[in-house]
Amino acid sequence: MLADDLQHAAICEWNGILYAAGWQDGAVWFEYSEDGGASKAEIPGVGLRALVCEADEQQPAIEVLVTGELVVAIDRAGRVETWYSTNQGATWQPAA
């Protein structure tokens, strides 16, 4: 099941696909599902879960832009930090 073992998970939907970001073991992780959350989809070249970034325990925010880019926002030392992916969540970069 999508995000079943992530703590503080946030989920969004775009074009029938569910996207999740959540915290576990000192990091924020990304997963997605193409079947309404019943199972996790394989992230090409990565597996069922991709590392977004290391972070303190928290609930991240996640959104999909109309361009298809994924965006995750986290709290880092009291300020919002944004990470994005242009390849369906396989890799993540901090926004400049």
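Val72 stands opposite Trp83, a residue of strand 7. This is a predicted model: local features need pLDDT of at least 70, side-chain atom pairs count only at pLDDT 80 or more, and totals for chains, interfaces and linings use all residues. Residues are numbered from 1 along each chain as its sequence is written, and side-chain values use heavy atoms, with hydrogens and water left out.

Strand 6 and strand 7 (residues 79–85) run antiparallel and are joined by seven bridges. Strands are DSSP runs of E, at least two residues long, numbered from the N terminus. Pairing of two strands requires at least two DSSP bridges between them.

Strand 3 (residues 27–33) and strand 4 run antiparallel, with four bridges joining them. Within this pairing, Trp29 is bridged to Leu51 of strand 4.

## Nonpolar cores

The largest nonpolar core has 23 residues. Such a core is a set of buried Ala, Val, Leu, Ile, Met, Phe, Trp, Tyr and Cys residues joined through side-chain atoms within 4.5 Å. Tyr19, Val28, Phe30, Val52, Ile62, Val72 and Trp92 have the most contacts inside it. Strands 1, 2 (17–24), 3, 4, 5 (61–64) and 6 (70–76) each give two or more residues to this core. Strand 2 gives the most, with four residues. Apart from this core lies another, of five residues, among them Ala3, Leu6, Leu18 and Ala20. In soluble globular proteins, nonpolar side chains tend to be buried together.

Phe30 sits in strand 3. Its relative accessibility is 0%, so Phe30 counts as buried. The burial scale uses a 1.4 Å probe and protein chains only: buried is under 20% relative accessible area, exposed is over 50%, and partly exposed lies in between. Phe30 touches, among others, Tyr19, Ile43, Val52, Ile62, Gly89 and Trp92, with residues up to four places away in sequence not counted. Contact here means heavy atoms within 4.5 Å. Phe30 and Gly89 are 59 residues apart along the chain, yet their C-alpha atoms are separated by 6.8 Å.

Ala21 belongs to strand 2. At 0% relative accessibility, Ala21 is also classed as buried. Beyond four places in sequence, Ala21 has contacts that include Leu6, Val28, Trp29, Ile62 and Val72. Ala21 and Asp35 are 14 residues apart along the chain, with 17 Å between their C-alpha atoms.

## Aromatic pairs

Four aromatic pairs are counted. Rings of Phe, Tyr and Trp (its six-membered ring) pair if their centres lie within 6.5 Å; planes under 30 degrees apart are stacked, over 60 edge-to-face, and the rest tilted. Tyr19 and Tyr32 are stacked, at 6.0 Å centre to centre and 25 degrees between the planes. This pair links distant parts of the chain, with Tyr19 in strand 2 and Tyr32 in strand 3, 13 residues apart. Both tyrosines are buried.

Phe30 and Tyr32 have ring centres 6.2 Å apart and planes at 25 degrees, so this pair is stacked. Tyr32 has a relative accessible area of 5%. One aromatic cluster holds Tyr19, Phe30, Tyr32 and Trp92.

## Cysteines

The whole structure has zero disulfides. The criterion is a pair of cysteine sulfur atoms within 2.5 Å. Cys12 is buried, at 10% relative accessible area. Cys53 is buried as well, at 4%.
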